[in-house]
Amino acid sequence: MALLFMLTWAAAALWGFCSAADPFASFDWNVAYMKAAPLGVEQQVISINGKFPGPIVNVTTNWNVAVNVLNSLDEPLLITW
Ligand SMILES: *[C@@H]1O[C@H](CO)[C@@H](O)[C@H](O)[C@H]1NC(C)=O
């Protein structure tokens, strides 16, 4: 089954300058299929750490953010920010 997935994230830090002096935040994400009914009908969705929708990345402009992603899907994964 073909599955289209798009994850869009507004990252204000993209526009700023980051330095090592700014705070660091790191996350481990296991990306996998699961069943959920976001529109009332159960279907296969892509989850992060067993949750759909995925987690909020609560960081501030100029933070250094590292996301360690384990792709548990049976297809390639691209996450854009
Ligand atoms: C994000 O973190 C700030 C500061 O710790 C907190 O005040 C705020 O409620 C958090 N926002 C969300 C959506 O978790």
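Because the model is predicted, local features were considered only at pLDDT of at least 70 and side-chain atom pairs only at pLDDT 80 or more, whereas totals for chains, interfaces and linings use all residues. Residues are numbered from 1 along each chain as its sequence is written, and side-chain values rest on heavy atoms, with hydrogens and water left out.

The protein contains 0 helices and 3 strands, where helices (H or I, at least four residues) and strands (E, at least two) are DSSP runs numbered from the N terminus. Along the sequence the elements follow the pattern β-β-β. The accessible surface comes to about 6100 Å², of which 61% belongs to carbon and sulfur atoms; these areas were computed by the Shrake-Rupley method with a 1.4 Å probe, and for residues only the protein chains shown count as cover. Of the 81 residues, 19% are buried, a class defined by under 20% relative accessible area, with exposed meaning over 50% and partly exposed lying in between (1.4 Å probe, protein chains only). Among contacts (heavy atoms within 4.5 Å) between residues at least 6 apart in sequence, 61% join residues at least 24 apart.

The 3 strands form an open sheet of mixed pairing in the order β2-β1-β3, two strands being taken as paired if DSSP finds at least two bridges between them. Strands β2 and β3 (64-71) stand at the edges, each with a single partner strand, so one side of each is left without a neighbour in the sheet. From one strand to the next the twist averages 25°, with axes taken as lines fitted to C-alpha atoms and angles running from 0 to 180 degrees between N-to-C directions. Strands β1 and β3 run parallel and are joined by 8 bridges; within this pairing, N30 stands opposite L70, and the bridge partner of F27 is V67. By contrast, β1 and β2 pair in the antiparallel sense over 6 bridges, with V31 opposite I48.

Strands β1 and β2 also form a hairpin with 6 residues between them, and G40 in the turn has a positive phi of about 95°. The loop between β1 (24-36) and β2 (43-48) includes A37, which is partly exposed at a relative accessible area of 43%. Although A37 and F52 are 15 residues apart in sequence, their C-alpha atoms lie 9.7 Å apart in space.

The largest nonpolar core is made up of 7 residues, namely W29, V31, I46, I48, V57, L73 and I79, a nonpolar core being a set of buried Ala, Val, Leu, Ile, Met, Phe, Trp, Tyr and Cys residues joined through side-chain atoms within 4.5 Å. Strands β1 and β2 each supply at least two residues of this core. One of the core residues, I48, is in contact with W29, N30, V31, G54 and P55 when its neighbours within four places in sequence are left aside. Strand β2 also holds S47, which counts as buried at 2% relative accessibility. Not counting residues up to four places away in sequence, S47 touches N30, V31, A32, Y33 and M34.
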